[in-house]
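Subject: A structure for you to explore

Hello,

Here is the structure I promised to pass on to you. Please open it next to this email, and then read on for what turned up in it.

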Amino acid sequence: MFVPGREIFRLSEETQATVRASSVEELMSPAGGSRGFGAPKLTHERILEAAHRTRARIREQWADFSGQPPLIAKKVCYDVMHDCWVREPVMIQLDERPFGCGAMRECFRMKEVKMEDDSQEEAHPIGAGKFGQGGVDGGGKAPLSFFALARGLMELQHHERRTIWVAKRSMSDFKRKILHRRACEADAVYQTMAKHYAEMFNQEVHRRADESGLGRCGAHDIDFLLTHVVELPDGFTYGAESYVLGHYQKHNTNGGYTIGIRKTPQAFSYFTFIRSNRRLMIVDIQGVGDLYTDPVIHFLPSHFTGSLAKVDGEMNSGLRGFSLFLWSHRPNDVDRLLDLPTFLLAPHEEAHFAPAGSTVSELHTMATQTKSREAIERREGDGFTVHLDEVPGVRLADWCDWRTRLPMEAASSHAAGGDGTGRSRWNSSDLELVEAECHMEIAVMYNQGRITLRADEPRGDPDKKEVEAAVFHLAEAARQDLPDALLALARLASGREHTEFLPQVVSTTEHMETSMALLAHAASLGSAVAMGALARLVLDAEPCSKVPSELRCVALHLEAFAAAEVHDTEVKLAKAREKLAEVEQRALEREASNEEEEEDEDEDEDEDELDYEENEHHSMFRQTFGWEDHGWNAPAALLRAAELWEGASGEAEGEAQGLEDGEADGAASEAAERA
């Protein structure tokens, strides 16, 4: 196993000692495994023997190296603490042939030498040729002396003491220079960010172990290789990282599946989610031992600034990535040591794990497969029903009375971060809804057949246990005040048609009060659709309510609905004006600069615009689940509200008059009795 050096990885002293000790133990065993009970005692002779074996393995890697002519390139590293890119000149030599290929990238062995110049002679620019023009930048900046070039060329000849670098490039997009450079920069940002969180994880494990007195509970110190970008003089780029000797193992995937029985990698992924305040999650953990590489970061772009926010990562699944991991993760001893909160799962999910023996590709297929149109059409004839009040773990009694909640006014909704429909605009305070969105996404994925609890049937419509699990997560999202979940659960409880979302769930008329209470809760959070739907349900009920307090409550919902509709129209108009102004400003700047852009840049323009909503919200975000057919608009709602106020006043006067007449009759009866 590769023992990281201080200059390359900048490890803490404790992490260095741990990794170095585990590396020596692995090398000491004859089969390359870890030392077990009864293993021979470490001696100087055995350490020297292990060093010779390691050097022999390095020589084997360089044996068939056929290098291209040396080049002076730029080494570009990401500084996570200052969120900036650091550049320095290096001399590199690439192998002519790749030594390995994956599904998307091919890997080349590479030598890399720092262009250090400690001579006292005057530096002279190097002319055109193998080394580019005018030094590193090709424009005469930072010229290199003859001594630096000569020493670099000599250093390239020493195979035994050269670090084996792996230079990666995409097999499809390598010639698209701008796009490929962004992909290489994304890898560098991902791994540097992962290393930053790994250091925090190690510190937290040690602190908790010391404070609790229970030890480390099986937690290991971990680390990530650092990746940098190598930019050649012709503008082509490679992603580079150190070559690691040993057996690679994957512990979880970016599709949400955990592999093997290791506790530390799964706890680390969950730790990053909690420690980042639910803004990101580092997954696809793989590597040699506890030295990991090539992770994937799921994150919410609008909550980051700087380099990570600009990463156009195709593997970033955002909230769906969070949900897939949380659905498959089971709390372990390391989670409990770090006191990480438990993500609630349905009773049917508690004992469910990934099928034994599944390959990574099979697990990823199970997590991302999409159902056929025939399967969707067959859904109504599945032959089973789920009664809403019989779902394990769901308490409908939590929502009982719609009369106790008043609607949020439009101005208050926008001041609290809403958009007039009760949906979050994802400012800092709205990170509290991320967990609720994950519960909602899990329910949606069950409905779509994208996840399953059946090991023998990875495809197909959900069965009864999966539908019950979907309802559990839907109810949990509603309990955490997610307006979309409240609307969906209200639809299930209403007994009305819901063929697009969990059609197997049925309810009775007894749950109509629950449905109205859920709508009132959503209305109190600012959902205009819930306001209009609740008013329609109350007014269309048989017999129609004539209780003054209920009429006043409905009138308030209609007034709030009308105000929200007007406010939303004003917001849309303002956004349209802003967008038009931005387009006009860009057109003016383009005319003023009159600069010709490269073809690659034109090709990549459309890819610059990330779909934030797709990554940051559940799949049925902005769905109203049929409640939009309430038939109200702003004028009609205000007119009906005025009528209800008049009716409520009349009913109240009638009740008051009845009470007065009753009191008068009672007084007359008492007087007659006394007489």
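Let us begin with a loop: Asp 339 lies between helix H9 (333-337) and helix H10 (360-368). Helices here are DSSP runs of H or I with at least four residues, strands are runs of E with at least two, and both are numbered from the N terminus. Before going further, please keep in mind that this is a predicted model, where local features need pLDDT of at least 70, side-chain atom pairs count only at pLDDT 80 or more, and totals for chains, interfaces and linings use all residues. Residues are numbered from 1 along each chain as its sequence is written, and side-chain values use heavy atoms, with hydrogens and water left out.

Back to Asp 339: its phi is near 60 degrees, a positive value in a residue other than glycine. Asp 339 counts as exposed, at 54% relative accessibility. (Buried means under 20% relative accessible area, exposed means over 50%, and partly exposed is in between, using a 1.4 Å probe and protein chains only.) Asn 277 also has a positive phi near 60 degrees. You will find Asn 277 in the loop between helix H6 (264-275) and strand E10 (280-283), and Asn 277 is partly exposed, with a relative accessible area of 41%.

Next, please look at strand E4 (residues 105-114). How many of its 10 residues are buried? The count is 8, so strand E4 is largely enclosed by the rest of the structure.

- Strand E2 (residues 84-94) pairs with E4 in the antiparallel sense over 5 bridges, and Gln 93 stands opposite Lys 111 in E4.
- Strand E3 (residues 100-101) runs antiparallel to E4, joined by 2 bridges. Cys 101 has Glu 106 in E4 as its bridge partner, and a hairpin of 3 residues joins E3 to E4.
- Strand E5 (residues 165-170) is antiparallel to E4 too, with 6 bridges; here Arg 109 stands opposite Val 166 in E5.

Now for the charged side chains. Side chains of opposite charge can pair when their charged atoms come close. A salt bridge is a side-chain nitrogen of Lys or Arg within 4 Å of a carboxyl oxygen of Asp or Glu. The whole structure holds 21 salt bridges.

Which residue forms a salt bridge with Arg 105? The partner is Asp 294, and the closest N and O atoms are 3.1 Å apart. This pair links distant parts of the chain, 189 residues apart: Arg 105 is in strand E4, while Asp 294 is in the loop between strand E12 (291-292) and strand E13 (296-299). Arg 105 is partly exposed at 25% relative accessible area, and Asp 294 is partly exposed at 23%.

Lys 168 and Glu 241 form another salt bridge, 3.3 Å from N to O. They too link distant parts of the chain, with Lys 168 in strand E5 and Glu 241 in strand E8 (residues 237-242), 73 residues apart. Are these two buried or exposed? Both Lys 168 and Glu 241 are buried.

Finally, go to helix H5 (residues 177-212), where Arg 181 and Glu 185 lie 4 residues apart, about one turn of the helix. Their side chains meet in a salt bridge of 3.6 Å, N to O, and Arg 181 is partly exposed, at 30%. There is also a network of salt bridges linking Glu 204, Arg 207, Arg 208 and Glu 211.

Happy exploring!

Technical notes
Two strands pair if DSSP finds at least two bridges between them.
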